[in-house]
Amino acid sequence: MCACDLAVAGEGSTFKVAYCQLGASPDGGGSHGLTRLLGVRRALELTLLDERIDARRALELGLVTRVVPDESLDGAVTELAQGLARQATAALGRTKQLIHAAFDNDLTAQLEAERLAFLAGAASEDFAHAVTAFVAKRRPNFSGR
């Protein structure tokens, strides 16, 4: 779940790290993902205390991005995916790259990365189409180019 951009949970969902109860430490990048997602103290809380948390607590911690009624989970995830697919996917990709790079870049490097990403976006067909749609007061129809 830590590798997901967005995570939606049903209200009845529960989460537990469970490594320590097995006499093991996190593997598969779990310590990396949890720490980047939640910060050191929260990652330690979840891994060392090994307590089961409910969906609301997972949302408070930032482990999930949305909580929906259990019976609405499939529909909510489909709606979220369709909404993302309607957006400028190349811009979403550049945004994800920038967000992830922010951990490793100092401010000067991040500003330069943002400048280059913005220029790439401004040169795209999607950007030109979006500006035209904005002026015409209509919703853009992105192509990913």
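Arg-36 counts as partly exposed, at 31% relative accessibility. That label covers everything between buried, under 20% relative accessible area, and exposed, over 50%, with a 1.4 Å probe and protein chains only. One caution before I go on: this is a predicted model, where local features need pLDDT of at least 70, side-chain atom pairs count only at pLDDT 80 or more, and totals for chains, interfaces and linings use all residues. Residues are numbered from 1 along each chain as its sequence is written, and side-chain values use heavy atoms, with hydrogens and water left out.

Back to Arg-36. What does Arg-36 form a salt bridge with? The partner is Asp-104, and the closest N and O atoms are 3.6 Å apart. This pair links distant parts of the chain: Arg-36 is in helix α1, Asp-104 in the loop between α5 (89-101) and α6, 68 residues apart. Asp-104 is exposed, at 60% relative accessibility. A salt bridge here is a side-chain nitrogen of Lys or Arg within 4 Å of a carboxyl oxygen of Asp or Glu. Helices (H or I, at least four residues) and strands (E, at least two) are DSSP runs, numbered from the N terminus.

How many salt bridges does a search of the whole structure find? Nine. Some of them join up. Arg-42, Glu-45, Arg-57 and Glu-60 are linked in a network of salt bridges. Take Glu-45 and Arg-42: their side chains meet at 3.9 Å, N to O. They sit three residues apart in helix α2, so about one helical turn separates them. Glu-45 is partly exposed, with a relative accessible area of 27%. Arg-42 is partly exposed as well, at 36%. Glu-45 also forms a salt bridge with Arg-57, with the closest N and O atoms 3.4 Å apart. That pair links distant parts of the chain, Arg-57 in helix α3 and Glu-45 in helix α2, 12 residues apart. Arg-57 is partly exposed, at 25%.

Stay with α2, residues 40-49. Its buried residues are Ala-43, Leu-46 and Thr-47. Down the axis of α2, they fall within an arc of 90°, so they line one face of the helix. The arc is taken from the directions from the helix axis to the C-beta atoms. What do these buried residues pack against? They pack against α1 (30-38), β3 (53-54) and α3 (55-61), where contact means heavy atoms within 4.5 Å. The face turned away from the buried side carries exposed Arg-41, Leu-48 and Leu-49. After α2 comes Asp-50, with a positive phi near 55°.

Next, the surface. Leu-116, Phe-118, Leu-119, Phe-127, Val-131, Phe-134 and Val-135 form a nonpolar patch, with about 750 Å² of accessible area together. Two elements give two or more residues to the patch: α6 (107-122) and α7 (125-135). α7 gives the most, with four residues. Phe-127 lies in α7 and is partly exposed, at 36%. Patch residues have over 30% relative accessible area and no salt bridge; like charges are joined within 9 Å, nonpolar side chains (Val, Leu, Ile, Met, Phe, Trp, Tyr) within 5 Å. Areas come from the Shrake-Rupley method with a 1.4 Å probe; for residues, only the protein chains shown count as cover.

Last, cysteines. The whole structure has zero disulfides, a disulfide being a pair of cysteine sulfur atoms within 2.5 Å. Cys-2 is partly exposed at 29%, and Cys-4 is partly exposed at 45%.
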